[in-house]
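Dear colleague,

Here is the structure I promised to hand over, with the sequence alongside. My notes on what was found in it follow below, and I would be glad if you read them with the model open.

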Amino acid sequence: SGASLRYSTGTGGEGSEGEGAGLASSESGGSGFSLAAAALPERRRPGGGRPRYEVVRELGAEEVRWFYREDRKTWKPFIGYDSLRIELAYRALGPGGPAEPREGEAAAVEPVCVRSGLYEVDVASAESYPVYWNQTEKIPVMRGQWFIDGTWQPLEEEESNLIEQEHLNRFKGQQLQESFDMEVSKPVDGKEAIHSLKLSRNHVDWHSVDEVYLYSDATTSKIARTVTQKLGFSKASSSGTRLHRGYVEEATLEDKPPQTSHIVFVVHGIGQKMDQGRIIKNTAMMRDTARKIEEKYFSNLATHVEFLPVEWRSKLTLDGDTVDSITPDKVRGLRDMLNSSAMDIMYYTSPLYRDELVKGLQQELNRLYTLFCSRNPEFEEKGGKVSIVSHSLGCVITYDIMTGWNPVRLYEQLLQKEEEELEDPWMSYEEQRLLEELYITKQRLREIEERLHGLKASTASKPPVLKFKVENFFCMGSPLAVFLALRGIRPGNSGSQDHILPRTICNRLLNIFHPTDPVAYRLEPLILKHYSNISPVQIHWYNTANPLPYEHMKPSFLNPTKEPTSVTDTESVSTVPSPTTSPVMVRRHYGESITNIGKASILGAASIGKGLGGMLFSRFGRSSTTTPQTLETGKDGAEGDDKKATTVGTPPLTHSSSGFLEPAVELEHRIDFELREGLVESRYWSAVTSHTAYWSSLDIALFLLTFMCKHDQEETDKSNLDTL
């Protein structure tokens, strides 16, 4: 695979018209770049024939490739569409690019939108930055012209520019030998360098026009080179690195990301103050995992899902530093961690600060949606959808924003009830008369307030709290059920989601949890009481072949087998996992053990001290019969399958011979979905790591996309059936 050279077909020189004629060379200032690049076929350099005669000329925009580097890792190439547009902006800066703006002019070039619209590139400063969230560290970008053989990593820009300049000075206008289409990578043993260039720590030798090698001038490299040459090896093959001019794959405008048709707002829970960039990293993990699943299972669908982090905590002032000032100095590190995490729960239950937390999240959601629509005007026109994924306390705040729940109204209702029941036989006549007068006055005041509200509502309709309709609300590791139970919500007789979240507000509510997550609770028993004895739906492993669709899974009986309060690791290994809602499928690759999701678990371990240790130990230190989601089928599970279960206050459930329940009232849609436990998990270690291990789970990524792409999938299946 020889060096890639700027070429034109035919035997002519610079003026010849060829495939790349629509792309101006940088001789004329480089501003003549046109979208004719779209007509260029994609060419990969290794193998494959090239035009018979090539002329060395300046690199075309399609041969240059731009790169970015995150977290000080290796350089990653931008896709062709992004790279071409960055190169256009670069050439618009003038002959020398960012280093030499036109005289008397400030280099004012519009930032280039890249990476599916999530980032922008400022070509003048050679930096990239996110559009929708704040990030302290800028992401460096680099223009690649010369590349290292094998890895196709770009040479540093300064060296690359010097080599390119030298190459053009020495070889511009020259043609390659006619035998170039034969195997180019033949050994260069015995060939002498026809040209050389000295750099600060390296030097470059040209053995021919398209055989260029980079050598390190470090002392150790010189010694190694001398020894190998004495042994009969050539200079080039002994210690040089082969360089290529132009990227391995030419950039085309067709190499473009699909348009986003579904956006997902990812809302964090407590602990964000402790690490402000955590939700950005977690969302990036979820996005990357979803991309892998999307490419594998949903590549034929039009739906493209984009994940946006919602960081609502850092902008809030709350009490300022009052809590910090009253914190004793002993064990300061642990106290600071609890202040930065568990304190959020206390803020949310405080009538003084609750509204600030709610408004903080509400404003950030609306800001992100407005910004996204302004940058993607076709999103709303084409019926783009919005879903929310919330974690931990974020689920409760999101729920309260959507439903408009306010504790002040609840308090007013309680006061009114107390006033109506206020009867004291020992009260004097004067006191009774004054109380009656006060009661009548308050009633009159409420009537006037109601009329005023009615008048305001008729003249100007109140804008919705959120500027979008929520399609799916995914709760992960959510304590929402506990909050609702403490607000007085009790099971009803209807199997509708409307009992806790009306469908007019949100089309579908889904509650995802790991069975050992100490913060997560089930929602279904708050709608229908007998669902406390029905197991949650088991989430499919991502590598399950032909899984049964979730809507076709029948409810299955949750066997209330008592388990010992202390289980050793060896016992937990031999324990059969939780009962499934469908026949157990063969696990070829053992799916994903949550404890094996190393990145997410370790990153999240720092934020585990969320003041919930007491909850954790109280939950795992009591009989599991009181908490349905911690139940597991023990060794007696097979015997217990034939027994009927009866919950207090509900009629006995009919239990079919197949092991599935046939309750009188069923939920319209299942809400509780449980991750399958890994076969080698320690239950107590899982309890520590599981609450933060949702982000990089392939199982969850597949689950989310299954529901978000459901409509599109059904349409595709229908059209396929029609075709058949």
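**Asp400 and its surroundings**

Leaving aside neighbours within four places in sequence, Asp400 is in contact with Tyr348, Arg354, Trp405 and Arg487, where contact means heavy atoms within 4.5 Å. Asp400 has its place in helix H11, which covers residues 393-403; helices here are DSSP runs of H or I with at least four residues, strands are runs of E with at least two, and both are numbered from the N terminus. Asp400 counts as buried because its relative accessibility is 2%, buried being under 20% relative accessible area, exposed over 50% and partly exposed in between, with a 1.4 Å probe and protein chains only.

**What kind of model this is**

Please keep in mind that this is a predicted model, in which local features need pLDDT of at least 70 and side-chain atom pairs count only at pLDDT 80 or more, while totals for chains, interfaces and linings use all residues. Residues are numbered from 1 along each chain as its sequence is written, and side-chain values use heavy atoms, with hydrogens and water left out.

**The protein as a whole**

The protein has 21 helices and 18 strands, and 47% of its 724 residues count as buried. Among the contacts in the protein with a separation of 6 or more, 76% are accounted for by residues 24 or more positions apart. The accessible surface comes to about 36,600 Å², and 55% of that surface belongs to carbon and sulfur atoms; these areas come from the Shrake-Rupley method with a 1.4 Å probe, and for residues only the protein chains shown count as cover.

**Helices H5 and H20**

How do helix H5 and helix H20 pack, and at what angle? Helix H5 (residues 278-297) and helix H20 (residues 698-708) pack at about 65°, and their axes are 9 Å apart, the axes being lines fitted to C-alpha atoms over the stretch in contact and the angles running from 0 to 180 degrees between N-to-C directions. On the H5 side the contact is made by Met286, Thr289, Ala290, Ile293, Glu294 and Tyr297, and on the H20 side by Leu698, Ala701, Leu702, Leu704 and Leu705. These residues divide into nine nonpolar, one polar and one charged, where Ala, Val, Leu, Ile, Met, Phe, Trp, Tyr, Cys and Pro count as nonpolar, Asp, Glu, Lys and Arg as charged, and the others, Gly among them, as polar.

Thr289, which has its place in helix H5, counts as buried because its relative accessibility is 6%. Not counting residues up to four places away in sequence, Thr289 touches Trp695, Ser696, Ser697, Leu698 and Ala701.

**Aromatic pairs**

A search of the whole structure finds 21 aromatic pairs; rings of Phe, Tyr and Trp (its six-membered ring) pair if their centres lie within 6.5 Å, with planes under 30 degrees apart counted as stacked, over 60 as edge-to-face and the rest as tilted. One of them joins Tyr68 and Phe78, whose ring centres are 4.9 Å apart and whose planes stand at 50°, so the pair is tilted. Tyr68 lies in strand E1 (residues 65-68) and Phe78 in the loop between strand E2 (76-77) and helix H1 (80-92), so this pair ties together parts that are 10 residues apart in sequence. Tyr68 counts as buried at 11% relative accessibility, and Phe78 counts as buried at 1%.

Tyr550 and Phe703 form an edge-to-face pair, with 5.3 Å from centre to centre and 75° between the planes. That pair links distant parts of the chain, 153 residues apart, with Tyr550 in the loop between strand E17 (537-538) and helix H15 (569-574) and Phe703 in helix H20. Tyr550 and Phe703 are both buried, and ring pairs link Phe474, Tyr550, Phe673, Phe703 and Phe707 into a cluster.

**Two residues with positive phi**

Asn546, found in the loop between E17 and H15, has a positive phi of about 45° although it is not a glycine, and it counts as exposed at 74% relative accessibility. Ala126, in the loop between strand E4 (119-122) and strand E5 (127-130), is likewise not a glycine but has a positive phi of about 55°; Ala126 counts as partly exposed at 27% relative accessibility.
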